[in-house]
Amino acid sequence: MSFLLPIFLSAALAAPEPVAPSKASGAPLPVPTAGSDASPKMAEPTGMGPGNAIWATSVEDAIQRATREGKFVFFEFTKKECGNCQRMDGLLYPAFDFEALLVPMVPVKVSFESPWGKDFASRYSVEDAPAVLITTPEGRLVFLANGFFNQGDFFRHANAAVAGYRKFAREIEAQDVAKLSPKEAFDTGNELYHRADPQAAIPRLKRAASASGATASQREDALELLAAAQLDLGQTAPSRQTIERLLSTTKDRARRERGEIFRAQIPLAENRPVEALALFRKFQKAHPTSPHIARVNELVHRLEERVKTP
């Protein structure tokens, strides 16, 4: 479960500002602030664009159309003076494979510098333009490609990702969560979480943590990820209860350290830096030789400057 550590640490250690929970997944993507330039406008809103497809005029339009038509959303990220964006378009647009890829999708261009671009960067780890993101209309991740890429590799990976997602979606739809084994509940909850859908992940992770026959390790894996999913959705009280439950039972030193660091981040999400600082200081005293101590020390220093406490 070492992959969980960046989830618990990265947001809190990035800056001395409070951590804002990510927007809820498993529900339609939120509308950006009024008047924002969410995405570049296509020259001909009702005409055929690249790939012989009708490109949406905005992110909102793309999501609404994809919802109505039962399609995925194909987001292409661009920005001003992006030479690689133009070179990528020159590789993808003329290819017949591009037209075939877009058949079950609603495509739209998104400015990387726009409110939508910034939201996607945070939510899906879109690093820069050019990039391509494919999601369901509800925002579940299907495919992500960052940077300039080879034409053949792009289509091979994109088509494989779409096929893999369709198989996964059929498995999810057929599940009776209350009857899942601990392993199946955790595996699917874990994948849903990493597909940016913590809302759908939570009932499966709860099942993995409470199912009869679950080993201690399986329960603790599920609780650790469940707390992260709850915090992503802004559910700070349930997240705190979950991590406290984990800390009350675990005998794994590394897991305890991760859990205590995570617990200290919850007050940051609630804009309570003084409480967070106290918890991080407690960690310093309890775990002076922790492999995470340097990063925790840095955060304590930033928080001390922010809250002006001795």
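The protein has 13 helices and four strands, taken as DSSP runs numbered from the N terminus (H or I of at least four residues for helices, E of at least two for strands). This is a predicted model, in which local features need pLDDT of at least 70 and side-chain atom pairs count only at pLDDT 80 or more, while totals for chains, interfaces and linings use all residues. Residues are numbered from 1 along each chain as its sequence is written, and side-chain values use heavy atoms, with hydrogens and water left out. Of the 310 residues, 50% count as buried (under 20% relative accessible area; exposed is over 50% and partly exposed in between, with a 1.4 Å probe and protein chains only). Among contacts with a separation of 6 or more, 64% join residues 24 or more positions apart; contact means heavy atoms within 4.5 Å.

- Helix 7 covers residues 182–194, and its 13 residues reach 18 Å from the first C-alpha to the last, close to the expected 18 Å (1.5 Å times one less than the number of residues).
- Ala-196, which follows helix 7, has a positive phi near 65 degrees.
- The axes of helix 7 and helix 8 (residues 198–210) come within 8 Å and cross at roughly 160 degrees; axes are lines fitted to C-alpha atoms, for helices over the stretch in contact, with angles from 0 to 180 degrees between N-to-C directions.
- The two helices are therefore roughly antiparallel (over 145 degrees; under 35 is roughly parallel, 65 to 115 roughly perpendicular and the rest oblique).
- Their crossing is left-handed, a term for a near helix turned anticlockwise from the far one by less than a right angle, clockwise being right-handed.
- On the helix 7 side, the contact is made by Pro-182, Ala-185, Phe-186, Thr-188, Gly-189, Asn-190, Leu-192 and Tyr-193.
- Helix 8 contributes Pro-198, Ala-200, Ala-201, Arg-204, Leu-205, Arg-207 and Ala-208 to this contact.
- The buried residues of helix 7 are Pro-182, Ala-185, Phe-186, Thr-188, Gly-189, Asn-190, Leu-192 and Tyr-193.

**Aromatic pairs**

- The whole structure holds eleven aromatic pairs, counted for rings of Phe, Tyr and Trp (its six-membered ring) with centres within 6.5 Å; planes under 30 degrees apart are stacked, over 60 edge-to-face and the rest tilted.
- Phe-75 and Phe-120 form a tilted pair, because their ring centres are 4.7 Å apart and their planes stand at 50 degrees.
- This pair links distant parts of the chain, with Phe-75 in strand 1 (residues 72–78) and Phe-120 in helix 5 (residues 115–124), 45 residues apart.
- Both Phe-75 and Phe-120 are buried.
- Trp-116 and Phe-120 have ring centres 5.4 Å apart and planes at 25 degrees, so this pair is stacked.
- Trp-116 and Phe-120 are four residues apart in helix 5, about one turn of the helix, and both are buried.
- Ring pairs join Phe-75, Phe-77, Trp-116, Phe-120 and Tyr-124 into a cluster.

**Single residues**

- Pro-94 sits in the loop between helix 3 (83–92) and helix 4 (96–102).
- Pro-94 counts as exposed because its relative accessibility is 65%.
- Glu-224 belongs to helix 9 (residues 216–232) and counts as buried, at 0% relative accessibility.
- Glu-224 and Leu-246 are 22 residues apart along the chain, and their C-alpha atoms are separated by 7.1 Å.
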